[in-house]
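Please look over the protein below.

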Amino acid sequence: MTAQITAGQFHAADGVEDWRSLYHLVSAHFPTASLTEGVALVAAIGRLADEAQQQYLAVDLRGTGVTVSLSRRDISLARRISAAARALDISADPSAVQLINVTLDALVGADVLPFWRALLGYRQIGDDYLSDPSRRGPGFGLQPMQAPRPQRNRMHLDVAVPHDQAEARIAAALAAGGHLVSDAHAPRWWVLADAEGNEACVATWLGRE
C-alpha cells in the first residue's frame, strides 16, 4: 500500500484511463451484456482483492454492469482490475460514474446531526458527515450557515461527476430548464438551480489540490 496521493497524481499515472476521481475515491464502471458476465468480473476482482491490501473496495453488481470504487492510493489494484476486465473482453465506460451527497445547511450542526443519524441509520464520520454503513445510500453532510435563509432551500444535492463530463452534465441541466447560480468556485463546483430555485452543485476533483 502506497502513501495517500492526490487526484491529480492518480490521473497522471499510467494505466488508469478507466478510472475517475470522485471526491476521495476513484471509480470505474464496466458495462456487461449479462449478469453472468458481471459475476465473472466480480469473481476476478475478488481474487485480486484477496491478493492486495487495499484501503477501500466497493463493488456494485447489476445486470447491466459492474461499478468499482477504490481509494486513490490503490493504483496497482485499479490497473489490475482494468486488465481483468479486458481479459474478459469488457470495456469500461468512464462517463458512467458519479457520487451523490445530500447537503443540509445548518445553524448549529451538533443540534441537528443526531436526528439525521438516527433517522437514516447512518454512522457519523467527524463532526459534520454521515455515511451509510452498507455503502448503498448517498452521503449526508452539513454545511454551516451564519443566519437563517428562508428565501432559499436548506437542502441540496452535491453531484460529483468525472472531470471530463462536468461541462456536458451542466449543459444538459441548463437545457432542461435550469440556470447557473454561480461558477465562482469552478471547476471545483458549480451551483445550479431548477426553474423554482431549488439548488444543486456539480462537483469535480479539479481545483481541490
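**An arginine and its partner**

R80 has 34% relative accessibility, so R80 counts as partly exposed; buried means under 20% relative accessible area, exposed over 50%, and partly exposed in between (1.4 Å probe, protein chains only). This is a predicted model: local features need pLDDT of at least 70, side-chain atom pairs count only at pLDDT 80 or more, and totals for chains, interfaces and linings use all residues. Residues are numbered from 1 along each chain as its sequence is written, and side-chain values use heavy atoms, with hydrogens and water left out.

R80 and E51 meet through their side chains in a salt bridge (2.6 Å, N to O). A salt bridge is a side-chain nitrogen of Lys or Arg within 4 Å of a carboxyl oxygen of Asp or Glu. E51 lies in helix 2 and R80 in helix 3, so the pair ties together parts 29 residues apart in sequence. Helices (H or I, at least four residues) and strands (E, at least two) are DSSP runs, numbered from the N terminus. E51 is exposed, at 56%.

**Other salt bridges**

The count comes to three salt bridges. One joins R20 and D164 (2.9 Å, N to O). R20 is in strand 1, and D164 is in the loop between strand 9 and helix 5, 144 residues apart. R20 is buried, at 11% relative accessibility. D164 is partly exposed, at 41%.

**The core**

The largest nonpolar core has 24 residues. Such a core is a set of buried Ala, Val, Leu, Ile, Met, Phe, Trp, Tyr and Cys residues joined through side-chain atoms within 4.5 Å. Helix 3 gives the most to this core, with six residues.
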